[in-house]
Amino acid sequence: MFTFTPIGYVRSSYKTTQEIPKGLGAEHKAEGRLEILPEFEAGLTDIEGFSHLFVIWIFDRSEGFDLLGTPPSDNRAHGVFATRSPRRPNPIGLSVVELLGRKGTVLHVRGLDMLDGTPILDIKPYLSSIPTESLRRGWLAEAEARKQK
Ligand SMILES: C[S@@+](CC[C@H](N)C(=O)[O-])C[C@H]1O[C@@H](n2cnc3c(N)ncnc32)[C@H](O)[C@@H]1O
């Protein structure tokens with residue numbers, strides 16, 4: 001077993017999951033804040049230099065899991081580890097956000113898809129060295145192609 005302690009909380013305008021854009025073509029442009037607890041402030045040193053961050057967080061308002069599920073972006077079932085479903089064996093979320101600025105322990109960000117009050121477990125700078133041409137988008141690319149027909 002592992003025990004994690006939140007390093008902070010998301011402040012977003014989303015109070016219910018229905019308010020968060022979903023499905024094919026959904027864009028996450030919502031701005032909000034990552035409020036980090038004072039005891040972790042030193043850990044934010046030099047974060048301003050990064051344009052984007054990985055935010056690792058807990059689906060604290062999700063219960064249980066489904067190994068197979070039909071996501072909002074398709075009408076076919078897929079394995080939970082091939083989706084970003086909130087209903088997972090370990091309810092951990094991962095979002096990439098744009099860092100707009102920092103004031104002390106508060107990070108202003110764009111691209112939130114989390115409910116207000118979501119506990120944050122960790123933050124890391126977003127770095128990707130994978131060339132676009134090497135990326136495959138699996139069933140999502142097929143669902144997008146079907147939609148365009
Ligand atoms: C599809 S998940 C993707 C989350 C993240 N980008 C990821 O890939 O892990 C996003 C959805 O999770 C749900 N959600 C957001 N915050 C949540 C929370 N704190 N607890 C439970 N569900 C949440 C909302 O329905 C939202 O549309």
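A residue is called buried when its relative accessible area is under 20%, exposed when that area is over 50%, and partly exposed in between, with a 1.4 Å probe and protein chains only. By this scale, both Phe-2 and Phe-4 are exposed.

This is a predicted model, in which local features need pLDDT of at least 70 and side-chain atom pairs count only at pLDDT 80 or more, while totals for chains, interfaces and linings use all residues. Residues are numbered from 1 along each chain as its sequence is written, and side-chain values use heavy atoms, with hydrogens and water left out.

The ligand is surrounded by 18 residues (one heavy atom within 4 Å), of which the closest are Asp-60, Arg-84, Leu-94, Asp-113 and Thr-118. By class, this shell has 8 nonpolar, 5 polar and 5 charged residues, and its largest share, 3 residues, comes from strand 6.

| Residue (side-chain N or O atom) | Ligand atom | Distance |
|---|---|---|
| Asp-60 | nitrogen | 2.7 Å |
| Ser-95 | nitrogen | 3.2 Å |
| Thr-118 | nitrogen | 2.9 Å |

Taken alone, the ligand exposes 600 Å², and the protein buries 88% of that area (Shrake-Rupley method, 1.4 Å probe).

Elsewhere, the structure holds 3 aromatic pairs (ring centres within 6.5 Å). In the pair formed by Phe-2 and Phe-4, the ring centres are 6.5 Å apart and the planes lie at 20 degrees, so the pair is stacked (planes under 30 degrees apart).

Terms used
A polar contact is a pair of N or O atoms within 3.5 Å; within protein, one must be able to donate a hydrogen and the other to accept it, and residues adjacent in sequence count only if both atoms are side-chain atoms. Helices (H or I, at least four residues) and strands (E, at least two) are DSSP runs, numbered from the N terminus. Ala, Val, Leu, Ile, Met, Phe, Trp, Tyr, Cys and Pro count as nonpolar, Asp, Glu, Lys and Arg as charged, and the others, Gly among them, as polar. Rings of Phe, Tyr and Trp (its six-membered ring) pair if their centres lie within 6.5 Å; planes under 30 degrees apart count as stacked, over 60 as edge-to-face and the rest as tilted.
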